[in-house]
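Here is a friendly tour for anyone meeting this structure for the first time. Have the 3D view open and follow along as we go.

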Amino acid sequence: MYSRWADSARTLQVGGIPVTIKPDRTLRAKVTDSCGLTCTFCHNEGTPVTVDNRGRSSRTFLASGRSGRSSIYLGRNGVDFLAATMRADEDLRQALESMAAGLDLDELHLTGGEPTLHPTIADIVALGAAAGYRVCMTSNGENGERVMRACAKAGLDRVNLSIFGTTPEELAEVQEERFRDVRLAAKKIEALERTIDAALTHGVRVSANIVVPDRTHIPRVHRLFEAYSDQLSIRLLNSLGDGMESIRSINQVLDELGARPVAHHATAGASGYRTEYVLPNGRTAYFKKIRPTRLSKTCATCRFRDPATCEEGYYGLRLYRSTDGRYLTGVCIQRMDLCLPVEEFVSSALADEVRELRERELADPEAILNHLSVEFEQV
């Protein structure tokens, strides 16, 4: 599986910088809804916070409740189910194998909630690896020290750590008002640091994702580079809600770091891409972004098709387990009404659109190159 997709990757040029384009082959699996943070900007993979909505119908789902956690698209994304914890059982194996075979997938990305709080997360990693996937994880690091050794042994390849603050004050600031406790935030940051150490010790690659909304956040990016080893791959993400101010702020901090762009890494069939930079000391950093990517039919008629309301574009495939035991596939966290049971999705017209977009952009990457060219000129 891996070699076939590797052969289909393309390397081109934009503004003298190489552009590597690979087909999207990732499945994001929401393995648990549990989380120990209450970040106010959380989309929770499009689903309601389960603990706040047990016993409620879809018509009465709460976007925020007693837990303090949020699901920012709830109320307008049409979601009609609650997410349940995935189990490392035959049902999950069949779902993963069906998605891999039907959509030509080879990477499984574990999300939540917070995946490290899953009671048997290493078993999930092992099952994904046995199904033929390279297994990665997005985590806030709050419980990684406890599970990282077992996850590494089970086959975890990489962990992407979401860093919401480099000081306790910064982390507390983005929590729900009742949970803005600097002492608790300090403990969370200490746990994150232990997770990084545990991952590196056990041979798991580590990336740090940090959102930069505006210029006031530039000092924390500098602290991030100073605080962590060059074994940590740092990715700067622009805030979609802050538009060009966020992009200009990231460009400013990269300029202050003396960073030089050396490569673009784009994905055919999904909106995410990143530009690779090299710092004077040889360290690398990435600017991860979103480009306008749309499914040919579904997105053309979507009520959120306007760029001002469509925040992710088509970002990729997501897998959920509902509280009634079904495995569902989704294509958009702003349009959860499009979710289908896995066995229906793999043979659906929606799956055909996903395949068509990926194949079209890989065969004719003009739209990707044009977007990168315009962006390169603006920078």
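## Where α8 meets α9

Helices α8 and α9 cross in a right-handed way. Bear in mind as you look around that this is a predicted model. To find the pair, look for α8 at residues 218–227 and α9 at residues 243–256. Their axes sit 10 Å apart, and the packing angle is about 45°. Angles under 35 degrees count as roughly parallel and those from 65 to 115 as roughly perpendicular, so α8 and α9 are oblique to each other.

Which residues of α8 and α9 meet? On the α8 side, they are Ile-218, Val-221 and His-222. Facing them from α9 are Ser-249, Gln-252, Val-253 and Glu-256. Sort the residues of this α8–α9 contact by class and you get three nonpolar, three polar and one charged.

## α4 alongside α5

The axes of α4 and α5 come within 8 Å and cross at roughly 15°. That angle falls under the 35 degree cut-off, so α4 and α5 count as roughly parallel to each other. As α4 passes α5, the crossing is right-handed.

From α4, the contact uses Ile-121, Ala-122, Val-125, Ala-126 and Ala-129. From α5, it uses Val-147, Ala-150, Cys-151 and Ala-154.

## α5 alongside α7

The crossing of α5 past α7 is right-handed.

Gly-144, Glu-145 and Met-148 make the contact from α5, while Arg-194, Thr-195, Ala-198 and Ala-199 make it from α7. By class, the residues of the α5–α7 contact come out as three nonpolar, two polar and two charged.

## Spaces inside

How many cavities of 30 Å³ or more does the structure hold? There are two. The largest cavity has a volume of about 130 Å³, and 15 residues line it. Nearest its centre are Cys-299, Cys-302, Cys-310, Cys-332 and Arg-335. The lining of the largest cavity splits into nine nonpolar, three polar and three charged residues.

The second largest cavity holds about 90 Å³ of space. Its lining includes Leu-37, Asn-140, Glu-142, Phe-164 and Leu-171. Taken by class, the second largest cavity is lined by six nonpolar, three polar and two charged residues.

## Two backbone spots to check

Most residues other than glycine have a negative phi, and most peptide bonds are trans.

Which two residues are joined by a cis peptide bond? They are Gly-112 and Gly-113, and omega is about 15° there.

Look for Asn-44 in the loop between β3 (26–30) and α2 (50–53).

Key: Residues are numbered from 1 along each chain as its sequence is written. This is a predicted model: local features need pLDDT of at least 70, side-chain atom pairs count only at pLDDT 80 or more; totals for chains, interfaces and linings use all residues. Side-chain values use heavy atoms; hydrogens and water are left out. On a 1 Å grid over the protein atoms alone, a cavity is a set of points where a 1.4 Å probe fits but cannot get out, and a pocket is an open set with protein on both sides within 12 Å along at least five of seven lines; lining residues have an atom within 4 Å of a point. Grid points are joined across faces, edges and corners, and a volume is the space filled by probe spheres set on the points. Ala, Val, Leu, Ile, Met, Phe, Trp, Tyr, Cys and Pro count as nonpolar, Asp, Glu, Lys and Arg as charged, and the others, Gly among them, as polar. Axes are lines fitted to C-alpha atoms, for helices over the stretch in contact, and angles run from 0 to 180 degrees between N-to-C directions. Helices (H or I, at least four residues) and strands (E, at least two) are DSSP runs, numbered from the N terminus. Angles under 35 degrees count as roughly parallel, over 145 as roughly antiparallel, 65 to 115 as roughly perpendicular and the rest as oblique. A crossing is left-handed if the near helix is turned anticlockwise from the far one by less than a right angle, and right-handed if clockwise. Contact means heavy atoms within 4.5 Å.
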